[in-house]
Amino acid sequence: MSDAQEEAERQHQDNSPEAEEQSSDSSDELEASGDPEMDLLRNLFSRTLGFSSGEKILDELSLEGVAQYIKSGKCKNIICMVGAGISTSAGIPDFRSPGTGLYANLQKYNLPYPEAIFQIDYFKQHPEPFFALARELYPGQFKPTVCHYFIRMLKDKGLLRRCYSQNIDTLERVAGLATEDLVEAHGTFYTSHCVRFLCRKEYNLDWMKEKIFSDEIPKCDSCSSLVKPDIVFFGENLPARFFTSMKKDFPLCDLLIIMGTSLQVQPFASLVSRVPKSTPRLLINMEKTGESDFVAGLLGFGGGMDFDSDKAYRDVAQLGTCDEGCLALADLLGWKEELQELVKTEHDLIDSKDKKEKAEADKTASGTEGGKTDKTD
Ligand SMILES: [Zn+2]
């Protein structure tokens, strides 16, 4: 084979749809660590060139420094990575924190362990606990938080590249982010599918909502198999969109804002190391997290957060609630009033819509027992 042929052959292989499919479907673990060889090379280069002690993007490692950087107009591709902590002030309990009411509520279902409720194999045998929880956590019963609207403001101002969320409460959408603004890494309630591999019929939110609130286990119209909202259960792959978007977005990211996540769940947590070495990273969280451990650093897979060492040059931790952190940042940016106004307007809108829906539901359900699904506030 001539060199030219060989080159053509190689290109064909690289571009073939099978190759694309394989790379996006490959195991989470592989994706999580990215391309170890390239990471190693990058690390070697940055060390040899002494990059980390060189170019400093932030004037100071503080929220003020980040605000200055945003105001300078030099960043236009902000990525937000968010987790349960941004929704707790909306009243949605963090499933992973022990001691929340959620665990107590789950006890009546005799789960072998609390996470079983999100385990795909368990779900297929015992779907009831999940749907009971779904009724409780149903999207639309909660209002987005200050933090959600701060992300919306980033979008409105043309600064948001994408929001990567671990949450399934869809509050990002309620706050005004569109499908293209979002990567719902752990899936969404927005659509549902029949779990039978050969059927996979799709159902919309209204259909699922009706089943959930009528206390019925959702079954497929065509094949009577279980129908499951498109949230990612333990034991399932992440949406292909997570991997394809990640590859395009993170090399372009010029400011990473991580909010309300303890960065414990892979492959989501590993995203922080995918931004360029010069990209500032702001963590808004109750405690510091994501710092790389010693062994990973030695192996060259570092990329973890470094807030405090004498080599720290781009990572800022703003400790406290996500709402407080976003308000403080908005204040420094001169956006505070605009943010508060946005929150108020949007919340009023949701309230008036709720009232209308409740009134209509009362009309149709008057006298029947159907009104039992009301939550006590
Ligand atoms: Zn089906």
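Author: The pLDDT is the predictor's confidence in each residue, on a scale from 0 to 100. This is a predicted model, and its chain has a mean pLDDT of 82, with 75% of the residues reaching 70 or more. Over residues 1-33 the pLDDT is below 50, and that stretch has 20 contacts in the model beyond near neighbours in sequence. Residues 369-377 also have a pLDDT below 50, with five such contacts.

The chain has 377 residues, of which 32% count as buried, and it holds 15 helices and nine strands. When contacts between residues at least 6 apart in sequence are considered, 70% of them join residues at least 24 apart.

The part I would examine is helix H9, which spans residues 146-156. H9 is mostly covered, since nine of its eleven residues are buried; these are Val 146, Cys 147, His 148, Tyr 149, Phe 150, Ile 151, Arg 152, Leu 154 and Lys 155. The buried residues of H9 pack against strands S1 (78-82), S2 (160-165) and S7 (255-259), and also against helices H10 (171-174), H14 and H15. After H9 comes Gly 158, which has a positive phi near 75°.

Two of these helix partners can be described in more detail. Two packed helices are described by the angle between their axes and the distance between the axes. For H9 and H15 (residues 336-365), the axes are 10 Å apart and the packing angle is about 115°. Angles of 65 to 115 degrees count as roughly perpendicular, so H9 is roughly perpendicular to H15. The crossing of H9 over H15 is right-handed. On the H9 side the meeting residues are Val 146, Tyr 149, Phe 150 and Met 153, and on the H15 side they are Glu 338, Leu 339, Leu 342, Val 343 and Glu 346. An α-helix has 3.6 residues a turn, so residues three or four places apart point the same way.

The axes of H9 and H14 come within 8 Å and cross at roughly 40°, and the two helices are therefore oblique to each other. Val 146, Cys 147 and Phe 150 make this contact from H9, while H14 contributes Cys 322, Asp 323, Cys 326, Leu 327 and Ala 330.

H14 itself covers residues 322-333, and Leu 333 lies in it. Leu 333 has 18 C-beta neighbours inside 10 Å and therefore counts as partly exposed. Not counting residues up to four places away in sequence, Leu 333 touches Ala 67, Ile 70 and Lys 71. The C-alpha atoms of Leu 333 and Gln 68 are separated by 7.9 Å, although these residues are 265 apart along the chain.

Elsewhere in the chain, an unreviewed UniProt entry lists His 186 under "active site". His 186 sits in the loop between strand S3 (182-184) and strand S4 (187-194), and it counts as buried because it has 20 C-beta neighbours inside 10 Å. Apart from neighbours within four places in sequence, the contacts of His 186 are Gln 166, Ile 168, Ile 231 and Val 232.

Notes:
Residues are numbered from 1 along each chain as its sequence is written. This is a predicted model: local features need pLDDT of at least 70, side-chain atom pairs count only at pLDDT 80 or more; totals for chains, interfaces and linings use all residues. UniProt positions are given in the numbering used here, feature names are shortened, and annotations may be inferred rather than shown by experiment. Helices (H or I, at least four residues) and strands (E, at least two) are DSSP runs, numbered from the N terminus. A residue is buried if 20 or more other C-beta atoms lie within 10 Å of its own, exposed if 12 or fewer, and partly exposed in between; C-beta atoms are placed from the backbone. Two residues are in contact if their C-beta atoms, placed from the backbone, lie within 7 Å. Axes are lines fitted to C-alpha atoms, for helices over the stretch in contact, and angles run from 0 to 180 degrees between N-to-C directions. Angles under 35 degrees count as roughly parallel, over 145 as roughly antiparallel, 65 to 115 as roughly perpendicular and the rest as oblique. A crossing is left-handed if the near helix is turned anticlockwise from the far one by less than a right angle, and right-handed if clockwise.
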